[in-house]
Amino acid sequence: MFDVLIAHIQEKVAISKEQTELLKSFFVSEKLHKKQFLLREGDICKNLAFVSKGILKSYILDEKGNERINLFGFKGWWISDFNSFLKQEKAFLNIDAVEESEVLLISLENYEKLTLQIPIMDRYFRILYQNSLVTKDSRLIISNNYTAEEKYLQLVKKHPEITQKLSHALIASYLGLSPETVSRIRKKISQK
C-alpha cells in the first residue's frame, strides 16, 4: 500500500530509506467500499487522503440533489476538503469511493509532525500545492472558455483512462455537461 505513495514522493523529491520508514508511521490505512463516504459535507475533514488503490470523487450537491464533481482522486492522487482540513471547519465537499478503494490517511497533527521531522516532505507538499493551483487555473479557463466537445477532448487527452473507468454520468458531472451531451460527443468522436 505504501509503495504507491513512496513512488509518488520519489517522483518529486529524494527521500532516504530511513525517512521512508519514519514516514509510514504518520499514516493509517483504510479500505473503502464502493459508494462509502470518506467525508460528508458538514463534517470536519480530519485527514488528507492519498489514494493507493481505486478511485474517489469529491463533489457538492446542488439544490436539486445532483452531484457536481469537483475532483476525481485516482490511484496516486491526494484528495481532501483542504479548507476544512487546514482550518478544522465544516467541509463543503463530500468525498466517496467510486469503486473499491484503499487510502492512506494523515491527520493535521501528523502532517505537521511529518513536515518537521522529515523537512524534504515540506518541499514535496509545496510542489503538490503549486501543481494543484496550475491545474485549477487550467480547469477554470477550460470550463469558462471551451465548447462541450473541447472540454471532453481536453479531459481525455490529459486522462485517457477516464473513459474506461468512469460512467458517462460521472464524466458529465465533472465537466458540467449532461450525460446526453457526453454520449453525443463520444458518438461523434467514434464516427471520425
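Angles between 65 and 115 degrees count as roughly perpendicular. Keep in mind that the model is predicted.

Q: Why are helices α1 and α5 called roughly perpendicular?
A: Helix α1 (residues 2-12) packs against helix α5 (residues 120-145) at about 85 degrees, with the axes 10 Å apart. The range for this label is 65 to 115 degrees, so the pair is roughly perpendicular. On the α1 side, the contact is made by Leu 5, His 8, Ile 9 and Lys 12. Residues of α5 in this contact include Tyr 124 and Ile 127. By class, the contact has six nonpolar, two polar and two charged residues.

Q: What makes β1 and β6 edge strands?
A: The open sheet has four strands in the order β1-β8-β3-β6, with antiparallel pairing. β1 (28-32) and β6 (78-79) each have a single partner strand, so one side of each is left without a neighbour in the sheet.

Q: How do you know that β3 and β6 pair?
A: Pairing needs at least two bridges, and strand β3 (residues 47-53) has two with β6, in the antiparallel sense. In one of them, Phe 50 has Trp 78 as its partner.

Q: What makes both faces of strand β7 covered?
A: Buried means under 20% relative accessible area. In β7 (residues 94-97), Asn 94 and Asp 96 on one side are buried, and so are Ile 95 and Ala 97 on the other.

Q: How do you know which strands pair with β7?
A: Again, at least two bridges are needed. Strand β2 (residues 37-39) has two with β7, and β4 (residues 56-61) has four; both pairings are antiparallel. Phe 37 stands opposite Asp 96, while Leu 56 stands opposite Ala 97.

Note on methods
Residues are numbered from 1 along each chain as its sequence is written. This is a predicted model: local features need pLDDT of at least 70, side-chain atom pairs count only at pLDDT 80 or more; totals for chains, interfaces and linings use all residues. Side-chain values use heavy atoms; hydrogens and water are left out. Buried means under 20% relative accessible area, exposed over 50%, partly exposed in between (1.4 Å probe, protein chains only). Axes are lines fitted to C-alpha atoms, for helices over the stretch in contact, and angles run from 0 to 180 degrees between N-to-C directions. Angles under 35 degrees count as roughly parallel, over 145 as roughly antiparallel, 65 to 115 as roughly perpendicular and the rest as oblique. Contact means heavy atoms within 4.5 Å. Ala, Val, Leu, Ile, Met, Phe, Trp, Tyr, Cys and Pro count as nonpolar, Asp, Glu, Lys and Arg as charged, and the others, Gly among them, as polar.
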